[in-house]
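Hi,

Here is the structure I promised to pass on. Have a look at it first, then read my notes below.

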Amino acid sequence: MHEKNGANILVVDDDEFVLDSISALLEEYGYIVTVSGSAGEALAKFRESSPNVVLTDIRIPGISGVELIEKIHALNPDVPVILMTAYAELDVAVDAIKKGVFDFLTKPFRSEYLYHSIEKAVRYYRLVKIEKDYKADLEETVRARTKELADALVMVKNLSREVVQRLTAVAEFRDTHTGEHISRIGLYANKIAEALNMSEEFMDSLTFASAMHDIGKIGIPDNILLKPATLTRQEFEAIKKHTTIGEHILDGSAHPDIRMAASVALNHHERWDGTGYPRGLKGEYIPVEGRIVIICDQYDALMSRRPYKPALSHEETYGIITKGDGRTRPSHFDPEVLLAFVEVSSVLEQIYSLHRG
């Protein structure tokens, strides 16, 4: 029996077997579980029990799970809603993101995927609550940090909070390692852009946009995204599609920052020597934002532990990026961006230390 953590989870499904099995599993993990078989009952129990997280099937009698998200967020916009679905369709995913879905679980799912998703959602809800209750204290803490981090925070706060939360939450909490990774990428990119003497406007836009570089992972199945081993060739081809999926989700916006985010999502795996994906662009044909984010992403991936590899030290990571190791080569990176990386590498190490999970 796991230690009771007091988090209240509302589970909505019209299948009693699903309700019973999920309820038993979550209670075993120490959660307080409220169940409902219909939308009307779910909303009534939501008002009564004030749950921390809602886990709902995408199809329930009289209403879809996506529509239920709207009704729940009309009552409390901060409660994360996780959708369970037996199929994955991109248009459904995009619609759910617009409505504020927190995460997706594809049926049938393994118990550890359910626990991971619920645990991340509970943490997210508690962090939002802390932020609201102690905003003044948190702002004072932020002001005590370095001027660079404070400037980055001011920039993010001036942007649409709604856009940031809705577009990054799914990717940030779906993968086991992306939460802190996403936060760091924007800060790395800001420092490298500064070393390249980019404009203040470009730096601010890139810091915002780079946080959404992996938003397309919403379209990658859990069994591939969370696989604790080396991917097969077919699985890697599926992973590569997150670039085009991300660009599809973000494309068409009138907002310049979202347009840059679409470019970053599409191009952050393109390599200077033309060996990258999805389009095999080479040299200056790759947008500069993609050339910056690829080296940030590579640095953070090498520094971080993964199910298939240990974390490397800053010195080891620096050596691989600047000298190569067979898989990673200096020729993958824009020479000017690589020089900027060398210039600010010690600052990137500090960012990683301050924002590690």
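The side chain of E112 makes a polar contact with the side chain of S111, at 3.5 Å. (A polar contact is a pair of N or O atoms within 3.5 Å; within protein, one must be able to donate a hydrogen and the other to accept it, and residues adjacent in sequence count only if both atoms are side-chain atoms.) Keep in mind that this is a predicted model, where local features need pLDDT of at least 70 and side-chain atom pairs count only at pLDDT 80 or more, while totals for chains, interfaces and linings use all residues. Residues are numbered from 1 along each chain as its sequence is written, and side-chain values use heavy atoms, with hydrogens and water left out.

E112 sits in helix α5, residues 111-133. (Helices are DSSP runs of H or I with at least four residues, strands are E runs of at least two, and both are numbered from the N terminus.) E112 counts as partly exposed because its relative accessibility is 34%; buried means under 20%, exposed over 50%, and partly exposed in between, with a 1.4 Å probe and protein chains only.

Zooming out, the chain has 17 helices and seven strands, and 51% of its 357 residues are buried.

Now find helix α2 (residues 39-49) and helix α3 (residues 65-75): they pack at about 20°, with axes 11 Å apart. Axes are lines fitted to C-alpha atoms, for helices over the stretch in contact, and angles run from 0 to 180 degrees between N-to-C directions. So α2 and α3 are roughly parallel, the word for angles under 35 degrees.

Cheers

Key
Angles under 35 degrees count as roughly parallel, over 145 as roughly antiparallel, 65 to 115 as roughly perpendicular and the rest as oblique.
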